[in-house]
Structures are given as structure tokens and as C-alpha cells.
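Student: I would like a close look at one part of this model, taken element by element. Please state the cut-offs behind each term as it comes up.

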Amino acid sequence: MPDLTSPSHSLSALLAGLQVLAQHGSAEAAVQGLTLDSRQAAPGTVFFALRGATVDGHQFISKAVELGASVVVAEELPTELNPNTTYVQVADSAEAMARVAAAFYGHPSQKLQLVGVTGTNGKTTCATVLHKLFRELGYHVGLLSTVQNQIDEEVIPATHTTPDAIRLNALLARMVQAGCTHVFMEVSSHAVVQHRVTGLHFAGGVFTNLTHDHLDYHGTFQEYLKAKKGFFDALPKSAFALSNADDKRGPVMLQNVTGRRETYSLRGPASFRGKLIENAVHGLHLEIDGREAQFRLIGVFNAYNLLAVYGAAVLLGEEPTEVLTVLSGLTSAPGRFEPVVSPKTRVTGIIDYAHTPDALENVLQTIADIRQPSQQVITVVGCGGNRDGAKRPIMANLACQGSSRVVLTSDNPRFEEPQDILAQMQAGVQPQDLGKVLTIADRREAIKTACALAGPGDIILVAGKGHESYQEIKGVKTDFDDKQVLTEMFALLGK
């Protein structure tokens, strides 16, 4: 629907700087709203026909015109043109939409210190901790993450890692209006390829790591790497690029950066150097740039996240000692190594979003580092449907390597059969590990079984869904919160 709170723009002003292949109709059409959903088309709107993975928006041009769309932007124009509609042909509708959206909302990213965090693992933690840090430092701050979008403490539910370009610019404009000075956002590989962040002005970019993920979408690891690198390649000369020097793809990210190139490392020389002193159940003890500090976050992977956050904050002009002081008191994002302890037998449940082999290995290694020899580790893990199938046997094998017992179960099967996914996971279980593995498709029953198997003081890892509060089966989302279910089972079984 048109955004009636927004001033009207002339189409010619919104198209300035855009390469237009052909145009039919008035360039002075008044624009009051933008949409990629033909059902929301109305007089005063621009409808963008986008080619998606499963649906082609060009099929809905006639529907948008029927509902009164003033302008249609498409890669192919229909053979019959409505004389009351302006048609604009472009090479890439998604790129055009991003640039028009930025102009429509007054280029809000240029009025903010916008920092993007990309990589396979750690994006949510880094963006969330940066948001918390800058709030504590006294700023008005925006957050755009997988878990939620936030303006200061106001929560706006998130539906994608990165919203579409229209919603993204609308959110950024809202953040400017609320007085935000800084915004921290996750930048997914999909967002780069689909031009969701095109046209945004970044003050900086942070790279965490790159491991096996999203190959169902990108096809090859090289294309996945290219997508992540595309974000860094597009950073303006005024921006900083902060990369993990300990990841073998870290240096690759910086190759074409025209602005400031910076690195962080736990292993060698870097702009921001960290040293792990202790990794314990109560948190991390690190030395960062010669200063020692205790942190509430646990695990080597979080040592990297803390280094990235520290580096970004210093590059944004904050005082290093003050940054470390505030960071030492902060917690992580929901569903990221989040503990739940049973009241009677002190079983420790850990909820974690680990849904890639690397993330699962990191979490299990962290548990191995902090657990006592007498504590058994029981892992509940599944793999999402309609996603990269190659990681399924790998994840089952990793769970076996790092656990005393393993319960394979459903994650979000989506449109796949849960038993098919589980069969692919079971293929990764080695003969010597068969005796420690149970397969229970029902996730609630799987968590209940893990709780029943746990003795006093044991550790249960529930991996894969983290902060998600639903389970998606055959296109239907039903309420399902791992943390809530684990808590319920502790109570039910008297743990």
C-alpha cells in the first residue's frame, strides 16, 4: 500500500542515476509507495517485478496494474501496455528496487554509522553485542538481525536475516527519525546476491568466518564466497573493513577493499590482537591489545566474536579501555549458547542455533573444554529441510564425536519428509557409534528422551533452532521453542 505518511516523489527523481533500458508513460508520475507484492499495489505505488527462486513477479504485472499501480518496474515489459501506467524496463529489477527504495526514503543509511556483519557463524552475536555495547555507551542504536530488529529497546520482529530493500530502507528511515546514530546489521549472502543491501552507505564491514552453508542456494562454495566478498568489494572508500585473520578466507575478503583494511586474530599479528587465557563455564578470560578482561560469554568462537566487536567499536572511534569495561558485563544473543539449568539435579541444558557443521563442532568443542570428566554430553540435533543436504551426514558424525549420547530429530523439515532427512543424517554415523545414537523424528519427544537419559550434572545440547519459536512442517509454522520445551521436560521428569 502507498506510504501516505511519506511525501510524494516524482518518478524521474527516484530514477535519477538508474540505467533505464526503456520507458513508456509519464516520467513525472507521483509516487507515494513501493511494493514487490502485487496484492499491495494501488494508485501511487511502484510495483517491482522480481524474479525469485520459486516465483517470478513478472507473472503478476497485470494484477498490479489492475489494482491501480502507477508504475511498473520490470526486466521484461508485457506486450499490452495500460495507457494509465508508466512502465520502466531495467536490467535487474532487484537492483533497481534497492536504489529506488534508498532514494524514496531519503538515503537514510547516509545519516547513520551503519556497520554490516557478514560470515557463516557469529553474525547475530556480533551485531547483537555491538547493539548492546553502544546502548551502554549512551547512543541511540538500531539493530537488524536474524533474531529481531530493534530501535534502542523497542523490538520489531524479524522475518529474514536481512529484510527486502524496501522494508530495510523504511526501517533505517525509522531509525533516523528515532534519533539513532549507529545501526548494526547482519548481512547474509542471500542479501548481497539479491541486492537487498545495494544502495546502502556503510561505515564499516565485519567478516567473521566462512564455512559450509547455503550451498542449496549458491550452488558452489566459490559462489558463496563470492557473495560474501561482494559485500566487502562494494564498501565505500570511507569505510573500514575488519576481517578475521585466522580464517583462511579472511585475507581474501580484503583483496579489493578501497578503504581501511583491518584484521583481528587470536593466533598471530593483527590490528586487534587477542590472547585466550581461560575458557571456563563462568566465561572467558582474554587479553586484548595488552589489556586483560573477564567476559560472560563462553567459548573460543565467542572470543573471536568479542574481538570483532571490540575492533569495530574502536574503528568507530570509541575508547578501547571503556569498550572492554562495558563488553565484560554483556551477554550474548538469545539462542546462542544459552544455558538452562534444571532446579533439582542441576542438569545443564544449552540451547544453540548451531545449524552448520562448523557451528556444531565449535559448540561441542566449547562444551568439551568446560565440562568435568564425570559429565556426559547428550546432543539433540536435526537438519533443516529444503536446505543443503551435504551437511547432514557430517553433522550427525560430528555430534557422535563430541557426545556421550546423540538423539537425531527433526529441525524444520519444511516440505521434505523428516524420515528422509534423518536417513541422510544416519548415513554419517560410523559403525562404532551406532550404539550411542537414537533417532526420534518428533522433536518434543527427542528432547524429552535426552532429559530422561541425563543424570545429575550432565549436559544436554539442543542444537539447530536456537532463538526460533516455531517449527515449520509442510508450509505450516507451529509454536515450538527449544528453551521452553526443555524447561517443561525438566519439570515433567522431576529434574
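Tutor: A helix here is a DSSP run of H or I with at least four residues, a strand is a run of E with at least two, and both kinds are numbered from the N terminus. The model is a predicted one, in which local features need pLDDT of at least 70 and side-chain atom pairs count only at pLDDT 80 or more, while totals for chains, interfaces and linings use all residues. Residues are numbered from 1 along each chain as its sequence is written, and side-chain values use heavy atoms, with hydrogens and water left out.

Just after H5, glycine 179 has a positive phi of about 90°. At the start of the helix, a side-chain oxygen of aspartate 164 comes to within 2.9 Å of the backbone nitrogen of isoleucine 166. Ala165, Ile166, Leu168, Asn169, Leu171, Leu172, Ala173 and Met175 are the buried residues of H5; buried means under 20% relative accessible area, exposed over 50%, and partly exposed in between, computed with a 1.4 Å probe on protein chains only.

Contact means heavy atoms within 4.5 Å. Apart from its neighbours within four places in sequence, histidine 195 is in contact with Asp92, Ala94, Glu95, Ala98 and Ala165. Its side chain makes a polar contact of 3.4 Å with the side chain of aspartate 92. A polar contact is a pair of N or O atoms within 3.5 Å; within protein, one must be able to donate a hydrogen and the other to accept it, and residues adjacent in sequence count only if both atoms are side-chain atoms. With a relative accessible area of 19%, histidine 195 counts as buried.

Strand E12 (residues 182-186) is covered as well, with 5 of its 5 residues buried. His182, Phe184 and Glu186 point one way from E12, whereas Val183 and Met185 point the other way. In a regular strand, side chains alternate between the two faces of the sheet. Two strands pair if DSSP finds at least two bridges between them. E12 runs parallel to E8, to which 5 bridges join it, and glutamine 113 stands opposite histidine 182. Strand E9 (residues 141-144) also pairs with E12 in the parallel sense, over 4 bridges; there, leucine 143 has phenylalanine 184 as its bridge partner.

The buried ones include Lys123, His131, Leu133 and Phe134. Just after H4, glycine 138 takes a positive phi of about 100°.

Leu133 and Phe134 also belong to the largest nonpolar core, which has 39 residues; they are among the members that touch the most others, together with Val206, Phe240, Leu242, Phe295 and Leu327. A nonpolar core is a set of buried Ala, Val, Leu, Ile, Met, Phe, Trp, Tyr and Cys residues joined through side-chain atoms within 4.5 Å. Among the elements that give two or more residues to this core are strand E8 (113-118), helix H4 (123-136) and helix H10 (300-315). H10 supplies the largest share, 10 residues. Leucine 242 touches residues including Val206, Phe232, Tyr264, Phe272 and Ala308, with those up to four places away in sequence not counted. A second, separate core of 29 residues includes Leu144, Leu171, Ala191 and Phe232. In soluble globular proteins, nonpolar side chains tend to be buried together.
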